[in-house]
Amino acid sequence: LLWELALSNRKPKSPDTEGKQDSKREQEREEGAEREMIKLARWGEDTEEDRRNLHTIHADLARTFPTIAEFKTGGSNLPRLERVLRAYAATDKQIRYVQGMNSVAGLACLVTDSDAQAFQITKNIMQHPFYSHREMFGEGKGGSL
């Protein structure tokens, strides 16, 4: 704090004010991410290929962690999982969706509270070069029904 005062002409922020501003910015960022997620989750009905991928997503929903209550028919995570998978398919135009990606997104749904967070985790795991999941699930390696 002393160096901040010495190096700038700004008034120091009180910890309460700074924390509230950070919290407000974080909330605005999360709300923006949720709005974007909702837009992306509408993907899947424009072309025949999109409809085939959406059919595969729907088939895989029932196969995702069938012993976990949140993923059983009527479970709280099934709609979230579908939105996350649709959003990922909308952003990765080369792969879209292949069987098996539901496990990655399903785990993300289990450990997060929001669709946007689950989507971001799924995207990071799929696209991070260290994990190479995108290549593992890449075109021609998955398949559809």
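**Helical architecture, salt bridges and confidence of the model**

Arginine 96 lies in the loop between H4 and H5, where helices (H or I, at least four residues) and strands (E, at least two) are DSSP runs numbered from the N terminus. The phi angle of arginine 96 is near 60 degrees, a positive value in a residue other than glycine. With a relative accessible area of 14%, arginine 96 is buried; buried denotes under 20% relative accessible area, exposed over 50%, and partly exposed in between (1.4 Å probe, protein chains only). The structure is a predicted model, in which local features need pLDDT of at least 70, side-chain atom pairs count only at pLDDT 80 or more, and totals for chains, interfaces and linings use all residues. Residues are numbered from 1 along each chain as its sequence is written, and side-chain values use heavy atoms, with hydrogens and water left out.

Phenylalanine 65 is placed in the loop between helix H3 (48-61) and H4. At a relative accessible area of 22%, phenylalanine 65 is partly exposed.

The protein contains seven helices and zero strands, giving the pattern α-α-α-α-α-α-α along the sequence. Of its 145 residues, 34% count as buried. Among contacts (heavy atoms within 4.5 Å) with a separation of 6 or more, 63% involve residues 24 or more positions apart. The protein exposes about 9400 Å², of which carbon and sulfur atoms supply 53%; accessible areas were computed by the Shrake-Rupley method with a 1.4 Å probe, and for residues only the protein chains shown count as cover.

Confidence is expressed as pLDDT, the predictor's confidence in each residue, from 0 to 100. The mean pLDDT of the protein is 78, and 79% of its residues reach 70 or more. The lowest mean, 37, belongs to helix H1 (residues 2-7), whereas the highest, 94, belongs to helix H5 (residues 101-111). Over residues 1-12 the pLDDT is below 50, and this stretch has four contacts in the model beyond near neighbours in sequence. The pLDDT also stays under 50 over residues 140-145, for which the model has 13 contacts beyond four places in sequence.

Helix H4 is largely enclosed by the rest of the structure, because 12 of its 15 residues are buried. The buried residues of H4 include Leu78, Leu81, Val84, Leu85 and Tyr88, together with the charged residues Arg80, Glu82 and Arg86. The end C-alpha atoms of H4 are 21 Å apart, in agreement with the 21 Å that its 15 residues should span at 1.5 Å a residue; the expected span is 1.5 Å times one less than the number of residues.

Five salt bridges are present in the structure, a salt bridge being a side-chain nitrogen of Lys or Arg within 4 Å of a carboxyl oxygen of Asp or Glu. One of them joins the side chains of arginine 80 and aspartate 115, at 3.0 Å from N to O. This pair links distant parts of the chain, as arginine 80 belongs to helix H4 (residues 77-91) and aspartate 115 to helix H6 (residues 115-127), 35 residues apart. Both arginine 80 and aspartate 115 are buried. A network of salt bridges connects Arg80, Arg83 and Asp115.

Arginine 86 and glutamate 82 are four residues apart in helix H4, so about one helical turn separates them. Arginine 86 is buried, at a relative accessible area of 11%. In a further salt bridge, the side chains of arginine 63 and aspartate 60 meet at 2.6 Å from N to O. Arginine 63 is partly exposed at 47% relative accessible area, whereas aspartate 60 is buried at 2%.

Helix H5 contains alanine 105, which is buried with a relative accessible area of 0%. Leaving aside neighbours within four places in sequence, alanine 105 contacts Leu81, Val84, Leu85 and Thr122. The C-alpha atoms of alanine 105 and threonine 122 are separated by 5.3 Å, although these residues are 17 residues apart along the chain.

On the surface, Leu107, Leu110, Val111 and Ile121 form a nonpolar patch with about 340 Å² of accessible area together. Patches are made of residues with over 30% relative accessible area and no salt bridge, like charges being joined within 9 Å and nonpolar side chains (Val, Leu, Ile, Met, Phe, Trp, Tyr) within 5 Å. H5 supplies the largest share of the nonpolar patch, three residues. Leucine 107 lies in helix H5.
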